[in-house]
Amino acid sequence: MQRYRLGRLAAIVNMVAVVVAVVISLVRDSLDPAWTVVQWYPPSRFADETSLLAVLGGLLLVGAVNSWMFWQVLQGPADAAPLPRRALWLRRLLYVYVGWLLIPVPLPDEVGTAFDVVLWVPIVILFAQTLTRSGPTFRLILVTTALLSTALPWVLEAVPPDSYADWAAPVLSAVSLALVAAGLAWFLMILIAQRRDGRWTRTTMVLGACQLAVIPVTVVLNQLVDFPESVVLSDLLDVLVVFQLVWLARTARELNRPSTAPDPEPLRSPRLLLALMVLAPLAVIAPEAKPHMTYTWLDADCSSIPLFADTPPQDRRRVYLCLAGNGRSFENVRFWSGGGRTVTDQQLLGKGWKSCAAGDGKVRAEALVYLCPEVVARDQPDLLLTAAQLRQRDAKERARRRQEVADEAAQYVSSCRDPWPALRTSRQVTAVHLPTDWDGYHIFNGRAASLEALYDENIESDSPLVAHGGAAMVSTTLEYGATCVTVKVLRTAPPTRRKGWDDVVDADLVLGSGRVHLKGRGIKVAVALPKAGKYRVRLHTRTLDEGVGEDLVVVFPTS
């Protein structure tokens, strides 16, 4: 009796809280208090766009149904003899499952689904073992349909959709529909077995049968109501799950009632339940005249898009949908239609075919090439090249530019003179640097790692020579033009000579490779050193004329 009193108390408290919350919502002209108390979560943004009085009326009805649910779920068990071990465990698991469905637990979707499967599988097995008036064949079918409709959908959802082939989509739709039918068949068989067993009251079986009416009722009402009222109605219709909760609770409570059923009768199903089983799938399946719309572009991964020529023909339409639906890169495509509805794959393809035929440019060529390459090739043939062809073309272009720079530098070398002829050495070379946008050249030990280390330091200095480790950067005062660069390697430090030079600066370098390298636009030389080690680099710079400069680089040991 204590549980029965607890049920009545819970129903009264819940109904009082609902009424108070509705009154507060009316006073404040806000749906938040009533919706939060009744639904246990805040309302969606579409709820504010509907009639306040209509939604509050629906919440009062939902609150009354929830109160009735609390009264039914928290009733005590029927007075009878102790339960067998299997039936006792079935009752415990049923009450745990009712609590799991009733009390919201903030768990990730994957964890919640796994817990639901782990909890429900032993329940269906114990159901088949507890129903005393069912034969072995009936029990085998009961367990098979339950396991298929419970575990297999979870396995199918765990597999990423990208791993399926194109032909697998209709097969998976058919399998999903078959699994739904298997779940309905299992529930219908349970109701038939409960009726034949005799322990459960007619009220319990009627409440269970009401679950089958939930699917067509929900679908029909959502079809009759327009957006956004249909969204609010779907949230309110979540209250229909109370039939499942009450049926589970009453099934657990009446497990220890004595069985009054006669010997097993031939398997028959009530006409009403059979009609519901037939009509429920028909209510879900759309008519053939309605087109089947898909939205694959919403979940497409556009982070790595291959070039058209490198994309297999069967994947080009998928790549087009990915690019055309990405509004951030292709803003000329409207991927939201009137009324705020998402554009379908078919609409995006229609836009593409229309642009192919009209050539209006509403869809960018980078996406349109995957639909009609022959049209795009007339204006942008480069979009039809493979990645290897583009790399080969770029390499040829870079080689051509390098040769042009080398030829131009060779023309200037003949006019360069030795800026310090008295400072003789056998290790010297003259080259020409051709600056562009004030870009300088490097003096280093020949290792790319030394240049990377210099850039990583990000040294800020007004000096024309900045050094770090085994590399140095030489700045230039020329935006464009030519600079004659003479490199002299000495065994001892020469006297400092500043007369006639704009700047004379020194820096230390570690030249462990035994050579000093100069690299820039038009300049690429290397001079041998007496030995590897630490050296002092002295840079002399001056501007001879507009667009003409002269540098002298003297390298000598630090000691």
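A search of the whole structure, which is a predicted model, finds three aromatic pairs. Tyr 97 and Trp 120 form a pair with 4.9 Å between the ring centres and an angle of 40° between the planes, an arrangement classed as tilted. Planes under 30 degrees apart would count as stacked and planes over 60 degrees apart as edge-to-face, so an angle between these limits gives a tilted pair. The two residues belong to distant parts of the chain: Tyr 97 lies in helix α4, which covers residues 85-102, while Trp 120 lies in helix α5, which covers residues 109-130, and 23 residues separate them.

Both partners of this pair were also examined for accessibility. Tyr 97 has a relative accessibility of 5% and therefore counts as buried. Trp 120 is buried as well, because its relative accessible area is 11%.

Trp 120 takes part in a further pair, with Trp 186; here the ring centres are 5.5 Å apart and the planes meet at 75°, so the pair is edge-to-face. This pair again links distant parts of the chain, from Trp 120 in helix α5 to Trp 186 in helix α7 (residues 168-197), with the partners 66 residues apart. Trp 186 has a relative accessibility of 6% and so counts as buried. Through these ring pairs, Tyr 97, Trp 120 and Trp 186 are joined into a cluster.

Contacts between a charged group and a ring were also found. The charged end of Arg 92 sits over the ring of Trp 89, at 5.0 Å from the ring centre. Arg 542 lies over the face of Trp 501, and in that case the distance to the ring centre is 3.9 Å.

A separate site concerns Leu 371, which is located in the loop between α14 (365-368) and α15 (373-376). The relative accessible area of Leu 371 is 11%, and the residue is therefore buried. When residues up to four places away in sequence are not counted, Leu 371 touches Tyr 320, Leu 349, Gly 352, Trp 353 and Cys 356. For one of these residues, Gly 352, the C-alpha atom is separated from that of Leu 371 by 7.1 Å, with the two residues 19 residues apart along the chain.

Key: Residues are numbered from 1 along each chain as its sequence is written. This is a predicted model: local features need pLDDT of at least 70, side-chain atom pairs count only at pLDDT 80 or more; totals for chains, interfaces and linings use all residues. Side-chain values use heavy atoms; hydrogens and water are left out. Rings of Phe, Tyr and Trp (its six-membered ring) pair if their centres lie within 6.5 Å; planes under 30 degrees apart count as stacked, over 60 as edge-to-face and the rest as tilted. Helices (H or I, at least four residues) and strands (E, at least two) are DSSP runs, numbered from the N terminus. Buried means under 20% relative accessible area, exposed over 50%, partly exposed in between (1.4 Å probe, protein chains only). A charge sits over a ring if NZ of Lys or CZ of Arg is within 6 Å of the ring centre and within 35 degrees of the ring normal. Contact means heavy atoms within 4.5 Å.
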